[in-house]
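My plan is to look things up one at a time and jot down what I find.

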Amino acid sequence: LCKDDDGDDAENASDETAWDRLKLCDGVVVPGGFGSRGMEGKIQTIQYLRENKVPFLGICLGMQATVIEYCRNVVGIKKAHSAEFFDDLVKDEEDAVIFMPEGDRTRLGGTMRLGVRETVLLEGSIARKMYGSEKVMERHRHRYEVNPALVSRLESAGLQFVGRNTDESGQRMEVCELSESTHPYFVASQYHPEFTSRPELPNPLFLGLLQTCKKTAAAKSKATVAN
């Protein structure tokens, strides 16, 4: 855990202290995880990063939280959430994240979508530019995914799904982003780029985040000096 100025765990910090610390960040990663603990905090954080144009990378559950945030605050689906946490969501309206169609809720174990899968990246996207390739192989670990029934509404509102699977369905959303004209770096992936990162060879999505953080931080510093 991070430590605040008093040496206390960030988890025990007040909401005010947590927001103050967030505002000091040059960029933020919202990672994967399991369970509902901290989910609303993730969603609120992503809203702040989006509205204030802070460089952002969402991973797995972080991408799902990204979609929920956008559904709520841009598309206008105020009760949007994940079917992982609520079973009474309006189908194909409030269930922004759904259980994978091929999944089995009655089985214990062996139900996750695991391992290396191929993703096709849209030409002209930030992700495609960072990878320098149309098709990439990345590792997965999840049971829930973006509801494809809401994709057209999300894209019409500006959130572009620029990475999609090459499985039989072709409907699995792998990467979403906002255009660079809207936000300097707002990217999220269903897969785990940290699994293929090394100390001197970061995954392209991490590299893009860090490069943008450096650029925006330098611009802020220059503006401060000028003033």
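**Entry 1: the overall layout**

I started with the secondary structure and found six helices and ten strands in the chain. I have to keep in mind that this is a predicted model. Next I looked up how much of the chain is tucked away: buried residues make up 43% of the 227 residues. I also checked the accessible surface, which comes to about 12,200 Å², with 50% of it belonging to carbon and sulfur atoms.

Then I turned to contacts. Taking those between residues at least 6 apart in sequence, I noted that 61% join residues at least 24 apart.

**Entry 2: the cores**

Which residues have the most contacts inside the largest nonpolar core? I found Val67, Cys71, Leu154, Leu159 and Phe161, in a core of 35 residues. The largest share, seven residues, comes from α3.

Leaving out residues up to four places away in sequence, Cys71 touches Gly76, Ile77, Ala80, Ala96, Leu150 and Leu154.

**Entry 3: aromatic pairs**

How many aromatic pairs does the structure hold? I got three, and I looked at two of them in detail. A reminder to myself: a pair of aromatic rings is described by the distance of the centres and the angle of the planes.

For Phe56 and Phe186, the ring centres are 4.8 Å apart and the planes sit at 40°. Why is this pair called tilted? Planes under 30 degrees apart count as stacked and over 60 as edge-to-face, so an angle of 40° falls into the rest. The pair links distant parts of the chain: Phe56 is in strand β2 (residues 56-59) and Phe186 is in strand β10 (residues 186-189), 130 residues apart. Are these two buried or exposed? Phe56 is buried, at a relative accessible area of 0%, and Phe186 is buried too, at 1%.

Then I went to Phe99 and Tyr144, which form an edge-to-face pair, 5.2 Å centre to centre with 65° between the planes. This pair also links distant parts of the chain, with Phe99 in strand β4 (residues 95-99) and Tyr144 in strand β7 (residues 144-146), 45 residues apart. Phe99 has a relative accessible area of 13%, so I put it down as buried, the cut-off being under 20%. Tyr144 counts as buried as well, at 12%.

Lys53 has a phi near 55°, a positive value in a residue other than glycine. I found Lys53 in the loop between α2 and β2. Its relative accessible area is 46%, so Lys53 is partly exposed.

Cys60 gave me a phi near 55°, again positive and not in a glycine. Where does Cys60 sit? Its place is in the loop between β2 and α3. At 5% relative accessibility, Cys60 counts as buried, whereas Lys53 is partly exposed.

Note on methods
Residues numbered from 1 in each chain as written. Predicted model: local features only at pLDDT ≥ 70, side-chain atom pairs only at ≥ 80, totals over all residues. Heavy atoms only, no water. Phe/Tyr/Trp six-rings, centres within 6.5 Å; stacked < 30°, edge-to-face > 60°. Helix = DSSP H or I, 4+ residues; strand = E, 2+ residues; numbered from the N terminus. Buried < 20%, exposed > 50% of the residue type's maximum accessible area, 1.4 Å probe, protein only. Contact = heavy atoms within 4.5 Å. Areas by Shrake-Rupley, 256 points an atom, 1.4 Å probe, with all protein chains shown as cover. Core = buried A, V, L, I, M, F, W, Y, C linked by side-chain atoms within 4.5 Å.
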